[in-house]
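Me: Got a structure open here and want to talk it through. Can you take my questions one at a time?

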Amino acid sequence: GKYKGAADAAVKILTQEGGLSAIVRGLQPEVVGFCIYGAISFAGTEFFKRNVAELAGFKFALLYPIPIVIVSSVSAAVAASAANCPFMAVKTRLIADESFAGGSLVRGLNRVVEEEGASALFAGIVPLILKEVLFVM
């Protein structure tokens, strides 16, 4: 490939291919997106655990806690991925095109909606959900 390893990539990017700004270009949507993801995932798991256990019944919940935790975690991961998807869509565009929206998350969200429609923010939702669901299981 283009680089001989992580250290070689970092040195070349810092010295020849855009400097530090090239490395942190997608940081803004990454941080915001995963803060939202973490909050929804944690709170959602607790919410779904309580409600799924209630739906399943007290006896079932005591006998089979693992399926309830799995269903709850997967449900929360789906909700969190849906909330995170617009941020990952903008992050991908910011990284791929350094002139995209001047590196701004808000301008990036607006530009995607104006040029491609709001549905473009969720174009990658299926692979994102699959990745996250497999991760939480």
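Me: What covers the buried residues of α3?
Reply: This is a predicted model, to start with. The cover over the buried residues of α3 includes α5 (65–96), α6 and α7.

Me: Which residues of α3 are buried?
Reply: P29, G33, Y37, S41, G44, T45 and V52.

Me: How many residues has helix α3, and how far does it reach?
Reply: Helix α3 runs over residues 27–56, so 30 residues by the helix assignment. From first C-alpha to last, α3 reaches 41 Å, close to the 44 Å expected at 1.5 Å a residue.

Me: Switching to rings. How many aromatic pairs are there?
Reply: The count is three. One of them is F47 with F48, an edge-to-face pair at 5.2 Å centre to centre and 75° between the planes. F47 is partly exposed at 45% relative accessibility. F48 is partly exposed too, at 24%.

Me: What about F60 and Y64, why is that pair tilted?
Reply: Their planes sit at 40°, so the pair is tilted, with ring centres 4.9 Å apart. F60 has a relative accessible area of 35% and is partly exposed. Y64 is partly exposed at 43%.

Me: New topic: where is L121?
Reply: In the loop between α6 (105–116) and α7 (125–136).

Me: Buried or exposed, that L121?
Reply: L121 is buried, because its relative accessible area is 8% and the cut-off is under 20%.

Me: What is L121 in contact with, beyond four places in sequence?
Reply: C85, P86, A89, V90, L109, V112 and V113. V90 is 31 residues from L121 in sequence, yet their C-alphas are 7.6 Å apart.

Terms used. Residues numbered from 1 in each chain as written. Predicted model: local features only at pLDDT ≥ 70, side-chain atom pairs only at ≥ 80, totals over all residues. Heavy atoms only, no water. Helix = DSSP H or I, 4+ residues; strand = E, 2+ residues; numbered from the N terminus. Buried < 20%, exposed > 50% of the residue type's maximum accessible area, 1.4 Å probe, protein only. Contact = heavy atoms within 4.5 Å. Expected span 1.5 Å × (residues − 1). Phe/Tyr/Trp six-rings, centres within 6.5 Å; stacked < 30°, edge-to-face > 60°.
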